[in-house]
Structures are given as structure tokens and as C-alpha cells.
Amino acid sequence: MSTQFDHVSVLKQGNVYFDGKCVSHTVIFADGSKKTLGVILPSSLTFSTSVAEVMEVTSGVCKVRLQGQQQWISYSSGERFEIAANSSFDIETVETLNYVCHYG
């Protein structure tokens, strides 16, 4: 897992969700692809997706339950999970979670 992205543009306006419990910034790469870098504060949240996503945990610990699943799976720094397009997932954090969201 890379610790930084080089030669990118970052949108100044942050994305704020769930009354500030999740905040991210969009990073645009030279090829036009986008990712978001974000933080989720301790909470239980449900996110919806329109495109497939890969969530890469860069620090912290979370539990995730994908749409249609009963089982919660724990993820920590250096791990990732995939979410299908037009789906959703529940996430629980008990400490601040840093992440990178890869789209498509």
C-alpha cells in the first residue's frame, strides 16, 4: 500500500456526510480517475454506492456488513474490502478510521 499519491489535483471543497462523522476530499489523477481520502469518526453508518468501490483502510479498525449479508467482518490498517455498484454497506468504527476509496 502506497503512503502517498504524487502528481495529483485535490478539490478544495470537502465532502461532509452524516453531520460531519465522515469527511473526505476528492483526489484527481492525471488520467482523470478519482479517489477520495477520508476520515470516519466513531459511529455506525450506512453508505450507498452507485459504482463499484474498493475501501482501503489506512489506519484504524472497522466492522463492515455488505448489503444482503448477515456477518460483520473486521478490517484494519492495510486491509481493503470491495462493494458492488448500486449496493450499500454498514460500517461501525470505535476509533477514528482513515481510508482511501477507489472507484470503478
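Student: How many salt bridges does a search of the whole structure find?

Tutor: The search finds 3. Keep in mind that this is a predicted model.

Student: What makes Arg80 and Glu56 a salt bridge?

Tutor: Their closest N and O atoms are 3.3 Å apart. The cut-off is within 4 Å, so the pair counts. Arg80 sits in strand E9 and Glu56 in strand E6, 24 residues apart.

Student: Why is Glu56 called buried?

Tutor: Its relative accessibility is 6%. Buried means under 20%, so Glu56 qualifies. Arg80, at 47%, counts as partly exposed, because that class runs between 20% and 50%.

Student: Why does the pair of Arg65 and Asp90 count as a salt bridge?

Tutor: The closest N and O atoms are 2.9 Å apart. That is within 4 Å, so the pair passes. Arg65 lies in strand E7 and Asp90 in strand E10, so the bridge ties together parts 25 residues apart in sequence.

Student: Is Asp90 buried or exposed?

Tutor: Asp90 is buried: 18% is under the 20% limit. Arg65, at 25%, is partly exposed.

Student: What is the N to O distance for Glu92 and Lys63?

Tutor: It is 3.5 Å, and the side chains meet in a salt bridge. Glu92 is partly exposed at 27%, and Lys63 is partly exposed at 35%.

Student: Which strand gives the largest share of the lining of the largest pocket?

Tutor: E4 does, with 4 residues. The pocket has a volume of about 300 Å³. Among the 18 lining residues, those closest to its centre are Tyr17, Thr36, Glu53, Cys101 and Tyr103. By class, the lining has 10 nonpolar, 5 polar and 3 charged residues.

Definitions and conventions. Residues are numbered from 1 along each chain as its sequence is written. This is a predicted model: local features need pLDDT of at least 70, side-chain atom pairs count only at pLDDT 80 or more; totals for chains, interfaces and linings use all residues. Side-chain values use heavy atoms; hydrogens and water are left out. On a 1 Å grid over the protein atoms alone, a cavity is a set of points where a 1.4 Å probe fits but cannot get out, and a pocket is an open set with protein on both sides within 12 Å along at least five of seven lines; lining residues have an atom within 4 Å of a point. Grid points are joined across faces, edges and corners, and a volume is the space filled by probe spheres set on the points. Helices (H or I, at least four residues) and strands (E, at least two) are DSSP runs, numbered from the N terminus. Ala, Val, Leu, Ile, Met, Phe, Trp, Tyr, Cys and Pro count as nonpolar, Asp, Glu, Lys and Arg as charged, and the others, Gly among them, as polar. Buried means under 20% relative accessible area, exposed over 50%, partly exposed in between (1.4 Å probe, protein chains only).
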